[in-house]
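I opened my notebook to go through this chain and write down what I looked up. The entries follow in the order I made them.

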Amino acid sequence: MSRIEDVAQAAGVSTATVSRALRGLPKVSDSTRAKVLKAAADLQYVASPTASSLASGKTHVVGVVVPYVTRWYFAHLISGASEVLREQGFHVLLFDVGDEGPHRALLLDSRMLFKRVDAVLILSLRLHDAERELLRRLNVPVVTVGVPDDDWPCVRIDDYETTRQATEHLIGLGHRHIGYVGGDTVPSMDFPTPADRARGFRETMQRHGLTVSAHSVVMGDWTAVSGREVGRELLARPDRPTAVVAASDELALGVLAAARELGLAVPADVSVIGIDDHEMADLNGLTTVAQPVVEQGRMATQLLLSAVAGHDLGHEVATVPTRLVVRSSTAAPPASAAAVAEPVRASAR
């Protein structure tokens, strides 16, 4: 195993110059830096990360706090973040909350973070007060994704707008009896997304003078399996809706499965629209409101590294636009349903 002294001897410089050159610090000429890099490559020298962090005060590690590491949305956020971190020579220290029931334990403490991370990225999670106070005391940069915060910058989409777009699309096709498959709020996570998306659906319906009955709204746990279960409950009713807005594509894919099991044709008997643009959405012809999940992970990480470099980001909230992607799962309602809805359209004008 080569040592820093070996690199210094091969390059004809001091060990201090080798250290500065390899860390990209100033006061090293381009020609000297090139010699050091060549010598290090020839000798297959790898600097000790512990020694480097002691010398620079930087660990080149970013802590990423995530509720569910295996779920599609969070996995894609992590993918975008990891891509940027790798490009900039940083590593990831992952804090996975997981499903700990209604009262999760404190995830972050000083032993986990002190002198171990240069910054923290929080993915769609509200922290406990004690965790927030810890991050303030440690004075490390923090950026959030999906959850606007008074203290830190945030990258997000407008969740209210996603269901507004989805519901307007169905109403524009002529649907008046529209159901909603939402995602439950997990008490221990305190996500704002479920409430914002449900509100976007309800208020859009109300603006058009359309009724949202109690039995036309069902709640799942954001997975396709639960979407199938609650979708079957919704679509098996004798007064089933002619269209369904699902709070995520995974829920919508479950609704598509429920429709098939009940012998309903999509979109001839029922239209279905989701949110996200999951990879499986295109394969299943699912109309959706697309959000750039990987790009949000990239954007948030770029902001975070900018803060690590000393730039003051303030409390900026970057809202990423979404877009309607129309595929084969939505169409005008059956003629009989449209005829019944005529009086509703007249009264809404």
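Predicted model: local features only at pLDDT ≥ 70, side-chain atom pairs only at ≥ 80, totals over all residues.

**Entry 1: Thr144**

I then looked up where Thr144 sits, and the place is strand S4, residues 142–145. Is Thr144 buried or exposed? Its relative accessible area is 3%, and buried means under 20%, so Thr144 is buried. Leaving out residues up to four places away in sequence, I listed what Thr144 touches: Ile122, Asp149, Trp152, Pro153, Cys154 and Val155.

**Entry 2: helix H3**

I checked the length of helix H3, residues 30–42. At 1.5 Å a residue, its 13 residues should span 18 Å, and the end C-alpha atoms are 18 Å apart, so the two agree. Next I asked which residues of H3 are buried. They are Thr32, Arg33, Val36, Ala39 and Ala40. These cover an arc of only 130° around the axis, so they lie on the same side of H3. On the other side, I noted Asp30, Lys38, Ala41 and Asp42 as exposed. What do the buried residues of H3 pack against? I found helix H1 (4–11) and helix H2 (15–22). After H3 comes Gln44, with a positive phi near 55°.

**Entry 3: the whole chain**

I counted 14 helices and twelve strands. The chain has 349 residues, of which 49% count as buried. It exposes about 16500 Å², with 53% of that from carbon and sulfur atoms. Among contacts with a separation of 6 or more, 72% join residues 24 or more positions apart.

Definitions and conventions
Residues numbered from 1 in each chain as written. Heavy atoms only, no water. Helix = DSSP H or I, 4+ residues; strand = E, 2+ residues; numbered from the N terminus. Buried < 20%, exposed > 50% of the residue type's maximum accessible area, 1.4 Å probe, protein only. Contact = heavy atoms within 4.5 Å. Areas by Shrake-Rupley, 256 points an atom, 1.4 Å probe, with all protein chains shown as cover. Expected span 1.5 Å × (residues − 1). Arc of directions from axis to C-beta.
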